[in-house]
Amino acid sequence: MSNTIIVAFGGISPEHEVSVLTAHQVMASLKEAQQEVVPLYITKSGRWLTGEALLELSNYKTLGALEKSSSSCTFATDRIGRPLLIETFKAGLFAKPAEWAIEAVVCAFHGSDGENGSFQGVCEQFNIPYTSSGVLGSAAGMDKVMAKSIAKAHELPVVDGFDFFESQWEKDETAILKQADELGFPVILKPANLGSSIGVARAHTLEELERAVETAFRYDAHLLIEQAIEPLMEINCSVLGLPEACRASVCERPKGAEELLSFADKYQRGGGAEKGMASADRVIPADISPELTEQIRALSTRIFSAFQCSGVARLDFLVHAETKQVYFNEINTIPGSFSFYLWEHSGMSFSELLKELIAIAVQRHQAKNGRIRSYDTNLLSEKASTWLKGSKN
């Protein structure tokens, strides 16, 4: 049984479709490199599916039909503990469910379940190499409030703000609006656990903020309000590697139709949705000074290491356009299109980026398995014997 690269994508997330786009970029590149690829698609309801139909992007226009033509699947292990992806059912009287030995899983999720460490935990449970950051880095990076706390602990610059939960809003909306007013308008409202600018809004008045909060609670029960930086310039940088050995890409300056990049700016402009984040309008390398470029690149690697990330991530920064003061905004532990457009400008092709991501995943997996992970002892036998004697008495 030959080893296979599993490309995992989809999931229960508002960014489900973005994940599908990234996954198909990955699968097309891996197939072009003659690599055996098997899709692992997690539906919007949480079902795990695989099958040939999932390899064609056009089939996703009708998700119901696509799910019916695909097979349920799950992770498993064979007799020697080798991880497998197996079909759990195969139509036909004499049909035998397929199984694939896993070389590595390429995580192509975006947002919520999949990027927040939950899927990474499943991979850890089955001892499978995977390309994204681990459980800790993924979870911390997904939670904007936790990310700011980690940044502050490492004395990294962040914008002033505060967070609150839906239950607190329902209990004392007036107090939260007062706190926002004291922070100073305009403010930026963000769901704590989403990406791709979903639910993000700029508010100039209390009335605008109140409407934005009610909309954002449709996506997340935990929100963050921050001071708006004006005039604003956004600068992004990607980092590749391991916490102890990573390097930064060139920087980019995204160009949005509005002051803040929207979902449409990121995925629906500049050449077609099928290109994912690669279609967004941007200036690469960013048209900023060499000094500011190096400052942001240095901050990016510091943050990547502080979050104990691995694989590839994108760091987003807010820059005051006049003073050039830099603020850490967020870290994307599975960036759209894997930020390959930044590494392309750093001299690396998409196929080379994927090859390195898989190599990093395998290296981290081998390092983990090279440690003692269990301890031989007869503790349970001794305890069981003692318990049985005690129960007789």
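**Sheet, hairpin and backbone features of the predicted model**

Strand S5 and strand S6 (residues 99-107) run antiparallel and are joined by three bridges. Strands here are DSSP runs of E of at least two residues, and helices are runs of H or I of at least four, both numbered from the N terminus. Two strands count as paired if DSSP finds at least two bridges between them. The structure is a predicted model: local features need pLDDT of at least 70, side-chain atom pairs count only at pLDDT 80 or more, and totals for chains, interfaces and linings use all residues. Residues are numbered from 1 along each chain as its sequence is written, and side-chain values use heavy atoms, with hydrogens and water left out.

Strand S4 (residues 71-77) runs antiparallel to S5, and five bridges join the two. S4 and S5 form a hairpin with five residues between them. In its turn, Gly81 has a positive phi of about 85°. Strand S5 (residues 83-87) is largely enclosed by the rest of the structure, because four of its five residues are buried. Buried means under 20% relative accessible area, exposed means over 50%, and partly exposed lies in between (1.4 Å probe, protein chains only).

A further sheet is open and has four strands, in the order S7-S10-S8-S9, with antiparallel pairing. Strand S7 (161-165) and strand S9 (201-203) stand at the edges. Each has a single partner strand, so one side of each is left without a neighbour in the sheet. From one strand to the next, the twist averages 25°. Angles are taken between N-to-C directions and run from 0 to 180 degrees; axes are lines fitted to C-alpha atoms, for helices over the stretch in contact. Within this sheet, strand S8 (residues 187-191) and strand S10 (residues 222-227) are joined by five bridges and run antiparallel. Leu189 stands opposite Ile225 in S10.

Two helices accompany these strands. Helix H8 (residues 173-183) packs on the sheet and touches S7, S8 and S10, where contact means heavy atoms within 4.5 Å. The direction of H8 makes about 170° with that of S7. Helix H9 (residues 206-216) lies across S7, S8, S9 and S10. H9 runs at about 10° to S8.

Most residues other than glycine have a negative phi, and most peptide bonds are trans. Several sites depart from this pattern. The peptide bond from Phe185 to Pro186 is cis, with omega near 0°. Pro186 sits in the loop between H8 and S8. A cis peptide bond also runs from Glu230 to Pro231, with omega near -5°. Pro231 belongs to the loop between S10 and strand S11 (232-242).

Ser112 is not a glycine, yet has a positive phi of about 45°. Ser112 is part of helix H3 (residues 112-115). It counts as buried, at 17% relative accessibility. Ser13 touches Ser112, His110 and Gly111, leaving aside residues up to four places away in sequence. Ser13 itself lies in the loop between strand S1 (3-10) and helix H1 (16-32). Ser13 is also buried, at 11% relative accessibility. Ser339 has a positive phi near 55°, again in a residue other than glycine. The loop between strand S15 (326-332) and helix H12 (340-344) holds Ser339. Ser339 is buried, with a relative accessible area of 0%.
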